[in-house]
Amino acid sequence: MGTDSFGRRIDYLRISVTDRCNLRCVYCMPPEGVPWKPPEEILSWEEIERFAGIAAKEGISKIRLTGGEPLVRLGIVDHVRRLRKTTGIETIAITTNGTLLPRYAEALVDAGLTRVNISLDTLDPGTYSAITRGGKLADVLKGIDAAFAAGMDPVKINVVVVRSLEQNLLGFARMTMERPVHVRFIEYMPVGGVDLDGTACASTEGEGWTEDDHVPTDEILTVLAAEGAAAGFGELAPVPRDDAPGGWGPARYYRFPDAAGTIGVISPLSHHFCGECNRLRLTADGRLRTCLFSDDELDARTPLRTGTDADIHDLIQLALARKPASHNQKIGTIRRMSQIGG
Ligand code: SAM
Ligand code: SF4
């Protein structure tokens, strides 16, 4: 139970609770946004909770809520509380752009959420506004403070590294010197930009991934080590796997001596970790996705609306059987990242 056809243990479910977002990050959405799915196509909280409860019996022990922006959907706090109570799953995390954490962090922790990944790609207010098309850096920084104040642990920051953006990675390294935050640098991934017929979209503006913008994590580490040493942080050294902060993901961690936090790198393209993949994804409109890079999806919404628990059990087993061995560096998907959840 909970093992796919390649012997990988699948114990992690990422649930996108909405396709809506209050930002328009350049690598994730086109400037005009993506047409939102009509409400009747989005899973209700009850449907998500039913799915999660059955998945828990199939071996899922960790859930991450994502989106779109999960904190824009009304009722998220009570959803977390019910997920904790009804599924028996103890580890419930969230991936958020952080802008609404000042409002929700404390209530989320009270409801049983412990872990947070906050997406933040630059520490410069002007660049942040440009990358997110109008977001305010101060809102996210307040969100990070709110996560710490509420006692979330670990607090991780996800930085998508894109060569043509001005990101000043050293500023993030400095942040790890000062507070117990885990900053993970993530390779820019070729998600979105493909039409239903499998060819490139006529307009891929906004999430048109190009090889030139991809920065391999080895390069990121070389730059950070050199700039960190020049700034007097000392030598960047690997953190043993067993000491990785709250680790159930693919990041490899490093630390400057005496730093309060760590630096992680996630290399889906340059060192892909498909052999250790432990996850399934449920989209906001109820599709079960076997791989971030694969448009092979199973319809979970229909059995959730008209089927029995046994039907949903069978669907999860089918997803495990269909999970591919690896993504084979596929470029582009029909869904954009905001419609999958990262
Ligand atoms: N709105 C939330 C947020 O931004 O954290 C959750 C959803 S967002 C789609 C999840 C993660 O995917 C974010 O960390 C975001 O930076 C990342 N992401 C989006 N597009 C990406 C891409 N093309 N390559 C790599 N990461 C991407
Ligand atoms: Fe919204 Fe997250 Fe996509 Fe940015 S990365 S547009 S915050 S869903």
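# Walking through a predicted model

Student: Leaving aside its neighbours within four places in sequence, which residues is aspartate 11 in contact with?

Tutor: Setting those neighbours within four places aside, aspartate 11 is in contact with Gly59, Ile60, Ser61, Lys62 and Asn278. Please keep in mind as we go on that this is a predicted model.

Student: OK, and where is aspartate 11 found?

Tutor: Aspartate 11 is found in the segment before strand S1, which covers residues 12-16.

Student: Does aspartate 11 count as buried or exposed?

Tutor: Aspartate 11 counts as buried, because its relative accessibility is 7% and the cut-off for being buried is under 20%.

Student: Let's switch to glutamate 69. Where is that one found?

Tutor: Glutamate 69 is found in the loop between strand S2 (62-66) and helix H2 (76-87), and with a relative accessible area of 2% it is buried.

Student: Which residues does glutamate 69 touch, not counting those up to four places away in sequence?

Tutor: With residues up to four places away not counted, glutamate 69 touches Thr18, Arg20, Cys21, Asn22, Thr96 and Asn97. Take cysteine 21 from that list: glutamate 69 and cysteine 21 are 48 residues apart in sequence, and their C-alpha atoms are 4.7 Å apart in space.

Student: And what joins the side chains of glutamate 69 and threonine 96?

Tutor: Those two side chains, of glutamate 69 and threonine 96, are joined by a polar contact of 2.8 Å.

Student: How much of the accessible area of ligand 1 does the protein cover?

Tutor: On its own, ligand 1 has 550 Å² of accessible area, and the protein covers 94% of that.

Student: What about ligand 2, which residues surround it?

Tutor: Ligand 2 is surrounded by Cys21, Leu23, Cys25, Cys28, Gly68 and Asn97, and these shell residues divide into four nonpolar, two polar and no charged.

Student: New topic: which residues of helix H4 are buried?

Tutor: In helix H4, which runs over residues 125-132, the buried residues are Thr127, Tyr128, Ile131 and Thr132. Seen down the axis of H4, these buried residues fall within an arc of 120°, and therefore they line one face of the helix.

Student: Why would residues three or four places apart point the same way?

Tutor: Residues three or four places apart point the same way because an α-helix has 3.6 residues a turn.

Student: Which helix do the buried residues of H4 pack against?

Tutor: The buried residues of H4 pack against helix H5, residues 137-150.

Student: And what happens at the start of H4?

Tutor: At the start of H4, a side-chain oxygen of aspartate 124 reaches to within 3.2 Å of the backbone nitrogen of glycine 126. As for what comes after the helix, H4 is followed by arginine 133, which has a positive phi near 55°.

Student: Where is asparagine 168 found?

Tutor: Asparagine 168 is found in the loop between S5 and helix H6 (169-178), and it has a positive phi of about 45° although it is not a glycine. Asparagine 168 counts as exposed, because its relative accessibility is 56% and the cut-off for exposed is over 50%.

Student: And aspartate 258, where does it lie?

Tutor: Aspartate 258 lies in the loop between strand S8 (252-255) and strand S9 (262-266). Its phi is positive too, at about 65°, although aspartate 258 is not a glycine, and with a relative accessible area of 77% this residue is exposed.

Student: Last one: is the peptide bond from aspartate 153 to proline 154 cis or trans?

Tutor: That peptide bond, from aspartate 153 to proline 154, is cis, with omega near 0°, and proline 154 is found in the loop between H5 and S5.

Conventions
Residues numbered from 1 in each chain as written. Chains lettered and ligands numbered in written order. Predicted model: local features only at pLDDT ≥ 70, side-chain atom pairs only at ≥ 80, totals over all residues. Heavy atoms only, no water. Buried < 20%, exposed > 50% of the residue type's maximum accessible area, 1.4 Å probe, protein only. Helix = DSSP H or I, 4+ residues; strand = E, 2+ residues; numbered from the N terminus. Arc of directions from axis to C-beta. Contact = heavy atoms within 4.5 Å. Polar contact = N/O pair within 3.5 Å; in protein donor to acceptor, adjacent residues only side chain to side chain. Areas by Shrake-Rupley, 256 points an atom, 1.4 Å probe, with all protein chains shown as cover. Near = heavy atom within 4 Å. Nonpolar A, V, L, I, M, F, W, Y, C, P; charged D, E, K, R; others polar.
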